[in-house]
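This report describes a few parts of one protein model for a reader who has not seen it before. The sequence and structure come next.

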Amino acid sequence: MSLDVDPPEPPELAAVDPNEYEDAEVAGGEYRRDELEAFLREGAWEEAFDEWAAGSDMDEADWRIAVDLGLVSRFDFFWDDFADRVGYHAPGLPEDWKERDLHPDLDSWGTVSAINAGLTELGQIVCETLKEEYIDWEAEFEAPDDLPDFDE
């Protein structure tokens with residue numbers, strides 16, 4: 001499947017400690033958000049979005065709900081120096097979506113799952129695109145010399 005929509009504007013990255021997210025554990029404190037945000041604006045976001053949309057299982061109705069709810073603007077990307085990777089937090093719909101009456105077209109767990117899974121996949125592709133195509137810095141973390149040698 002593919003999703004035939006125009007890429008939205010890249011998210012503005014807020015100064016949030018990624019360890020506050022339930023799905024992230026990051027060592028260090030230099031998250032390089034300004035640089036990552038610049039890369040997103042320079043083309044990484046659109047490149048990753050196009051790749052994601054070409055293989056996305058989300059349909060246009062699901063995407064419209066995600067856009068209407070402002071979910072895309074709530075993505076967060078950050079540098080994880082310890083792991084030498086770009087980490088991310090994907091926005092998603094809460095479990096109590098039905099009680100909260102979030103959107104008139106949001107009417108099934110299937111739709112909620114499709115949106116949450118789709119946004120997670122988009123976040124992963126953005127991270128991979130940033131790391132492979134845009135980032136030219138090396139992790140500053142150096143492992144201590146006294147780690148055991150597991151090669152023997």
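## Aromatic pair

The model is predicted. In it, both Trp45 and Phe75 are buried. Trp45 lies in helix H1 (residues 33-55), while Phe75 lies in the loop between helix H2 (60-68) and strand E1 (76-80), so their pair ties together parts that are 30 residues apart in sequence.

A pair of aromatic rings is described by the distance of the centres and the angle of the planes. For Trp45 and Phe75 the centres are 6.0 Å apart and the planes stand at 70°, so the pair is edge-to-face. The structure holds eight aromatic pairs. Ring pairs also join Trp45, Phe75, Phe77 and Tyr88 into a cluster.

## Nonpolar core

The largest nonpolar core has 37 residues, and the members that touch the most others are Leu36, Trp52, Trp63, Phe77, Ile115 and Leu130. Two or more residues of this core come from each of H1, H2, E1, strand E2 (85-89) and H4.

Leaving aside residues up to four places away in sequence, Leu36 touches Leu13, Tyr31, Phe77, Phe78, Trp79, Val86, Leu130, Ile135 and Trp137.

## His103

His103 is found in the loop between helix H3 (97-100) and helix H4 (109-134). Its relative accessibility is 9%, so His103 counts as buried, the cut-off being under 20%.

Residues up to four places away in sequence aside, His103 touches Ile65, Asp68 and Leu69. With Asp68 there is a polar contact between the two side chains, at 2.8 Å.

Key
Residues numbered from 1 in each chain as written. Predicted model: local features only at pLDDT ≥ 70, side-chain atom pairs only at ≥ 80, totals over all residues. Heavy atoms only, no water. Phe/Tyr/Trp six-rings, centres within 6.5 Å; stacked < 30°, edge-to-face > 60°. Helix = DSSP H or I, 4+ residues; strand = E, 2+ residues; numbered from the N terminus. Buried < 20%, exposed > 50% of the residue type's maximum accessible area, 1.4 Å probe, protein only. Polar contact = N/O pair within 3.5 Å; in protein donor to acceptor, adjacent residues only side chain to side chain. Contact = heavy atoms within 4.5 Å. Core = buried A, V, L, I, M, F, W, Y, C linked by side-chain atoms within 4.5 Å.
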